[in-house]
Amino acid sequence: MKIPKILVHILFWAGLVISVAGAIMGLISDASYLGANPFSLQSLALLFGQIASPVWEGLALITGAVIIGRLYGAS
């Protein structure tokens, strides 16, 4: 029963790292365009497209870790 406990920690931290690093990388990749056109709808859509995907992926991993932790904690 030690493997699921280790897996939960790995999934949780991987999800957290993916969320934070993805958001930072999205901001960095769009920084030049956002500096030129800070309030255009295209810049906001580009920013949302670059940041939303890794954040959702990270949240999915964190949610999976919580579910696995609760399932193995209850058994």
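**Helix H1 and the annotated spans**

The end C-alpha atoms of residues 7–28 sit 31 Å apart, and this span is 100% helix and 0% strand. Helices here are DSSP runs of H or I with at least four residues, strands are runs of E with at least two, and both are numbered from the N terminus. The model is a predicted one, in which local features need pLDDT of at least 70 and side-chain atom pairs count only at pLDDT 80 or more, while totals for chains, interfaces and linings use all residues. Residues are numbered from 1 along each chain as its sequence is written, and side-chain values use heavy atoms, with hydrogens and water left out.

The UniProt record, an unreviewed entry, puts "transmembrane region" at residues 7–28 and 48–72; such annotations may be inferred rather than shown by experiment. Residues 48–72 are likewise 100% helix and 0% strand, with their end C-alpha atoms 36 Å apart.

Now for H1 itself. This helix has 35 residues and reaches 52 Å from its first C-alpha to its last, close to the 51 Å expected from 1.5 Å times one less than its number of residues. There is a bend of about 55° at Asp30, taken as the angle between axes fitted to the seven residues ending there and the seven starting there.

What about cover along H1? Pro4 is buried, at a relative accessible area of 13%, because buried means under 20%, exposed means over 50% and partly exposed lies in between (1.4 Å probe, protein chains only). Other buried residues of H1 include Val8, Leu11, Gly15, Ser19 and Asp30. Ile18, also in H1, counts as partly exposed at 32%. From Ile18 to Tyr33 is 15 residues in sequence and 23 Å in space, C-alpha to C-alpha.

On the surface, Phe12, Trp13, Leu16, Val20, Ile24, Met25 and Ile28 make up a nonpolar patch with about 680 Å² of accessible area together. Trp13 belongs to H1, which covers residues 2–36. Patch members have over 30% relative accessible area and no salt bridge, with nonpolar side chains (Val, Leu, Ile, Met, Phe, Trp, Tyr) joined within 5 Å and like charges within 9 Å. A salt bridge is a side-chain nitrogen of Lys or Arg within 4 Å of a carboxyl oxygen of Asp or Glu. Areas come from the Shrake-Rupley method with a 1.4 Å probe.
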